[in-house]
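Q: I'd like to talk through this model with you. Could we start with the overall picture and then turn to some helix packing?

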Amino acid sequence: MAAGAKSFLADAGYGEQELDANSALMELDKGLRSGKLGEQCEAVVRFPRLFQKYPFPILINSAFLKLADVFRVGNNFLRLCVLKVTQQSEKHLEKILNVDEFVKRVFSVIHSNDPVARAITLRMLGSMASIIPERKNAHHSIRQSLDSHDNVEVEAAIFAAANFSAQSKDFAGGICNKISEMIQGLATPVDLKLKLIPILQHMHHDASLASSSRQLLQQLVTSYPSTKMVIVTLHTFTLLAASSLVDIPKQIQLLLQYLKNDPRKAVKRLAIQDLKLLANKTPHTWSRENIQALCECALQTPYDSLKLGMLSVLSTLSGTIAIKQYFSIAPGTTATTARSFDLVKLAQECCYHNNRGIAAHGVRVLTNISASCQEKDLLALEQDAVFGLESLLVLCSQDSSPGAQATLKIALTCMVKLAKCRPHLSQSVVESLLTQLHSAQDAARILMCHCLAAIAMQLPVLGDGMLGDLMDLYKVIGRSATDKQQELLVSLATVIFVASQKALSSEVKNVIKQQLENVSNGWTAYRIARQASRMGNHDMARELYQSLLTQVASEHFYFWLNSLKEFSHAEQCLTGLQEEDYSSALSCIAESLKSYHKGIASLTAASTPLNPLSFQCGFVKLRIDLLQAFSQLICTCNSLKTSPPPAIATTIAMTSGNDLQRCGRISTQMKLSMEEFRNLATRYGDLYQSSFDADSATLRNVELQQQSCLLISHAVEALILDPESASFQEYTSSGAAHVESEYERRMLSVFNHVLEEHTACLCNAVIALLKVPLSFQRYFFQKLQSTSIKLALSPSPRNPAEPIAVQNNQQLALKVEGVVQHGSKPGLFRKIQSVCLNVSSTLQSKSGQDYKIPIDNMTNEMEQRVEPHNDYFSTQFLLNLAILGTHNITVESSVKDLNGIVWKTGPKTTIFVKSLEDPYSQQVRLQQQQGQPPSQQQQQQQRTAYSRF
């Protein structure tokens, strides 16, 4: 029901016209004022959408005050709607500016004679606890309502008490005794006690409060042994320990004790669930004895469901530091083999269990032990892990049920981990995968292909061995056009691209194209082409993009595919490069550039205001400039042969005092070339910094392009422009401008030959870099994470072209507010820790007297860092605009992620401010111009005016 309400609230208002914030609010206000209940309710439930669209305080404050009015005067159903809106918009609550007024309007209903109205008000107050944690009147109302005779009101008071306890230390300390009395009181019904106990999980604000809560819970566990009470109390115990941190080892022991000694399955299941929670949160607090006790319980239990839960906890622990503690040998004890440990015995016993889940966790434990404890001799364990994985693979690959697929994912993840940590096992793992691939279900085949691709990426040497089996399989699949078959075509093609490593043979290309013609749809062909571009198989990608051009429904898609086709053709042109063949290298680069220029024109046409393709355009423009720089460098190196240094080069060098002039004009060209490559490296760095939402593979690709630019610039400097090696050329000539002996002539020819060798080395370096096929990574095609920042400045002009007027004897207080907006997967690759705001002002046009202005007064440069809370941040800057004239104020935002890396995400906002002369100074200046001294009375008035402030 809650999910239905949420989706209803989210979807309400679908298809409405785009309005600005004020018009949208007025439209909803009209609905709130309507005499019909239905229209009022519709207006209320459309508020969350309004908050999502215009998430700034000025609108949210007005909207919540209107909702508070509805809450005050409306009926209970309207109040319930307002409560739901408040709970759904919890992260916007802190943007309410008039908190007192909002609370006053809501709180007035607490004095109603209707217990349901009071209950809704209590829930409303509980939902607002984050902004009013220390309101004593709210605290008092909750305490009073806990003693109410109406069950609905008491339950609402419990909800509010839990929320306030989580936020307020004072309230938690004050209510703890009251809750304790109610729980222990004989008059309190058991179902109410079950609802009161979870409040104690929030009593972690200080050590004494946590300790007294633990003592109470300990008493409850022993005093009330019924199943429901034990379950609720133990779970609250665990949550309290997890928050207060100090009592986690005791809690683990208590849970293990219940798991071992309590005969009730429900209690055992709860103990396992809480142990899993603690294993995820604090694995380092688990001692060897704890793990041993859990192993013993798992070995003894006859119930598969409980064994599965315990193994789930152990498999979680086996991937953490706890496993090393378990296998570490205590001082004074004799060393034992790994196989003699209970954990290993349990895992080996479970590997071939008839329950898939138990077998999967057993195999995962063995894999994690093999991966973590590499210093031990674990050959037998490794073999057990491989055999267990193979048997699980055979079992799950024949079954297309969701449970089997989930188990298969665990097994395949273990295979990848094992192949990475123990490469000598990878061959047998790959062989078992390839064998099973022919007989498996389609859903399982897709997952197995992903696994093979991951292993082949880690160990490319295994790729060649896979290719034959993969091609045989590709020929026989795809007889039907089901979704699974289409997905399988893409997955298999990806593995083939990874396994091929270099260029695809014509046979492989023909097989793939044949299958695509038979059963595939356009989307499958596009996905395969995308993978080909990613793996550097550009000839295959170009043919597929070409075939798709006529199958798209919009102009933008056509231009997008056309640009991809041109880029693939451009990269294909570079595959014909040969070392030492510089003239053909120049023609290849020229051909490639021609296609790139066509492609960038198409790419620009494919962009829309909603999807500007800024990363794609930036990446391709940099590639074009890099190819041009490479071409220029080869031409410069060749010019040494066509235009050697003149005979008077040494004299020119001595006269100018620049040793590099001895090399002739090539030195100047090389210097320009080196600067060009450094500039390109800086631009690649800027592209990297602006790609906050990119995946790590894309960022690594950009980083490699940057490093190739730095490598070439370093090579140019080291081989040609380094002053010592350059001046070394003429050390033996004693400053003479002409050759005086045969020996000297021959030595100089050797020096020139060395210089030519250097230029050849540079050309070969360029060709070697270009022969590596460029990879178009995921972010070029697909954005999995989306993060943007929206800024609002105040004061802001009514018309963007109009400047804001400020007197020059005052400072401008600029308030910057911002909202962080996310896509469907926030924080997938990286999260924002803080936002850096940079404010700068420059004088655009000067008015008044033309006197010299100190440079300090002309500009303001300030920076502040703010941490967003619930995706909202705000800060203020004080700007000095003493110079008369129009100032341009720019606010630029960048973000800092959790690793401390700064990303230039933007946006950049600009406003204009006109600094005007204050009236008194203007009057004084005019009087001075007319030759009149300012009167005594005016000076007195000015002094009184200043003294007020």
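Q: What share of the residues of the chain count as buried?
A: This is a predicted model, and in it 49% of the 949 residues of the chain count as buried.

Q: And how many helices and strands does the chain have?
A: The secondary structure comes to 42 helices and nine strands.

Q: Changing topic, at what angle do helix 13 and helix 14 pack?
A: Helix 13, residues 207-223, packs against helix 14, residues 227-244, at about 160°, and their axes lie 10 Å apart. Angles over 145 degrees count as roughly antiparallel, so helix 13 is roughly antiparallel to helix 14.

Q: Which residues make that contact?
A: Helix 13 contributes Ala210, Ser213, Arg214, Leu217, Gln218, Leu220 and Val221, while helix 14 contributes Val230, Thr233, Thr236, Phe237, Leu240, Ala241 and Ser244. By class, the contact of helix 13 with helix 14 has eight nonpolar, five polar and one charged residues.

Q: What about helix 27 and helix 29, are they roughly parallel or antiparallel?
A: Helix 27 (residues 483-500) and helix 29 (residues 522-535) pack at an angle of about 15°, with their axes 9 Å apart, and they are therefore roughly parallel to each other.

Q: Is the crossing there left-handed or right-handed?
A: Helix 27 passes helix 29 in a right-handed crossing, and the residues in contact include Leu489, Val490 and Phe497 of helix 27 together with Ile528 and Met535 of helix 29. The residues of this contact of helix 27 with helix 29 divide into eight nonpolar, four polar and two charged.

Terms used:
Residues numbered from 1 in each chain as written. Predicted model: local features only at pLDDT ≥ 70, side-chain atom pairs only at ≥ 80, totals over all residues. Heavy atoms only, no water. Helix = DSSP H or I, 4+ residues; strand = E, 2+ residues; numbered from the N terminus. Buried < 20%, exposed > 50% of the residue type's maximum accessible area, 1.4 Å probe, protein only. Axes fitted to C-alpha atoms, helices over the stretch in contact; angles between N-to-C directions. Parallel < 35°, antiparallel > 145°, perpendicular 65-115°, else oblique. Contact = heavy atoms within 4.5 Å. Nonpolar A, V, L, I, M, F, W, Y, C, P; charged D, E, K, R; others polar. Left-handed = near helix turned anticlockwise from the far one by under 90°.
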